[in-house]
Amino acid sequence: MRKLDTRTIVVASHNKGKIAEIAELIGPFGFLAKSAAELNFEEPDETGTTFEENAAIKALASAKASGLPALSDDSGLVIDALDGAPGVYTANWAETADGTRDFAMAMEKVEKALADKGVTDPKDRAARFVSVLCLAWPDGHTEMFRGEIEGTVVWPPRGTAGFGYDPVFQPKGFDTTFGEMPSEQKHGWKPGDATALSHRARAFKLFVESCLEA
């Protein structure tokens with residue numbers, strides 16, 4: 001496992017929601033970080049068929065373009081009743097004809113797909129959010145960290161916090177969706193905390209334990 005010996009990194013993302021969450025997570029470590037969007041890097045084509053492959057594509061592209069270590073996230077909603085869909089294509093389900101992303105539309109697609117299968121009982125709507133963080137160096141070395149959280153797809157959407165599919169995902173053991181949670185509850189993991197809630201926070205905890213702690 002290669003340790004990160006610099007506090008200057010690139011957040012390899014153009015997704016404002018992800019950039020904000022990662023910025024909150026890395027804040028306590030004193031990183032000087034800029035996003036791929038800020039640096040005007042082109043978004044690489046995500047041609048992988050796994051979260052790990054797509055995370056590596058993004059992190060390596062930013063690391064090589066900047067000459068600095070880069071941290072990427074590839075994440076998605078995996079629904080058992082839909083055979084794992086939308087999965088690695090979670091963002092694609094939100095794509096519109098003009099190239100923008102409409103997650104309200106994407107959540108409706110998910111609900112229609114479940115309804116078409118007659119999946120209405122909460123016990124049959126099991127799902128999980130998956131996040132894979134990839135830390136890449138300009139020389140091509142990568143480290144991967146995977147976090148998952150189990151839950152249920154609910155309808156109608158609840159809450160306006162977070163981003164993406166957060167309003168329809170209710171994590172196991174909670175009566176609120178990610179869309180109803182303040183950021184400090186959803187992904188507010190800090191050094192010393194024994195547990196982390198969100199998939200991204202769980203992956204980040206592994207990153208810290210592997211690449212930052214002595």
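Asp 83 is exposed, with a relative accessible area of 71%; on this scale buried means under 20% relative accessible area, exposed over 50% and partly exposed in between, computed with a 1.4 Å probe on protein chains only. Although Asp 83 is not a glycine, its phi is positive, at about 55 degrees. Asp 83 belongs to the loop between β3 and α3; helices here are DSSP runs of H or I with at least four residues, strands are runs of E with at least two, and both are numbered from the N terminus.

Colleagues, a word on the basis of these values. This is a predicted model, in which local features need pLDDT of at least 70 and side-chain atom pairs count only at pLDDT 80 or more, while totals for chains, interfaces and linings use all residues. Residues are numbered from 1 along each chain as its sequence is written, and side-chain values use heavy atoms, with hydrogens and water left out.

I continue with the backbone. Asn 40, likewise a residue other than glycine, has a positive phi near 60 degrees. Asn 40 is placed in the loop between β2 (32-35) and α2, and at 66% relative accessibility it counts as exposed.

There are also cis peptide bonds to report. One joins Ala 85 and Pro 86, with omega at about -5 degrees; Pro 86 is in the loop between β3 and α3. Another runs from Trp 155 to Pro 156, with omega near 5 degrees, and Pro 156 sits in the loop between β5 and β6.

Let me turn to the aromatic residues. The whole structure contains nine aromatic pairs. Rings of Phe, Tyr and Trp, the last by its six-membered ring, pair if their centres lie within 6.5 Å; planes under 30 degrees apart count as stacked, over 60 as edge-to-face and the rest as tilted. Phe 29 and Phe 31 make a tilted pair, 6.5 Å centre to centre with 50 degrees between the planes. Both Phe 29 and Phe 31 are buried. The pair of Phe 103 and Tyr 165 is edge-to-face, with 5.6 Å between centres and 75 degrees between the planes. Phe 103 lies in helix α3 (residues 103-116) and Tyr 165 in the loop between β5 (142-153) and β6 (169-171), so this pair ties together parts that are 62 residues apart in sequence. Tyr 165 is buried, its relative accessible area being 2%.

Which residues do ring pairs link into a cluster? They are Phe 29, Phe 31, Phe 145, Trp 189, Phe 204 and Phe 207.

Arginine side chains also lie over rings. Such a charge is assigned if NZ of Lys or CZ of Arg is within 6 Å of the ring centre and within 35 degrees of the ring normal. Arg 7 lies over the face of Phe 31, 5.3 Å from the ring centre, and Arg 2 lies over the face of Trp 137, at 4.8 Å from the ring centre.

Next, the core. A nonpolar core is a set of buried Ala, Val, Leu, Ile, Met, Phe, Trp, Tyr and Cys residues joined through side-chain atoms within 4.5 Å. The largest one has 22 residues, and those with the most contacts inside it are Leu 4, Leu 135, Trp 189, Phe 204 and Phe 207. At least two residues of this core come from each of β1 (8-11), α1, β4 (126-136) and α5. Helix α5 gives the largest share, seven residues. Ala 201 also lies in helix α5 and is buried, with a relative accessible area of 0%.

Finally, the largest pocket. How much space lies in it? The value is about 820 Å³, where a volume is the space filled by probe spheres set on grid points that are joined across faces, edges and corners. On a 1 Å grid over the protein atoms alone, a pocket is an open set of points where a 1.4 Å probe fits, with protein on both sides within 12 Å along at least five of seven lines, and lining residues have an atom within 4 Å of a point. The lining comprises 42 residues, and Asn 15, Lys 18, Glu 46, Ala 91 and Arg 101 lie nearest the centre. Elements giving two or more residues to this lining are α1 (16-26), α2 (51-66), β3 (70-79) and α5 (199-212). By class, the lining divides into 14 nonpolar, 14 polar and 14 charged residues; Ala, Val, Leu, Ile, Met, Phe, Trp, Tyr, Cys and Pro count as nonpolar, Asp, Glu, Lys and Arg as charged, and the others, Gly among them, as polar.
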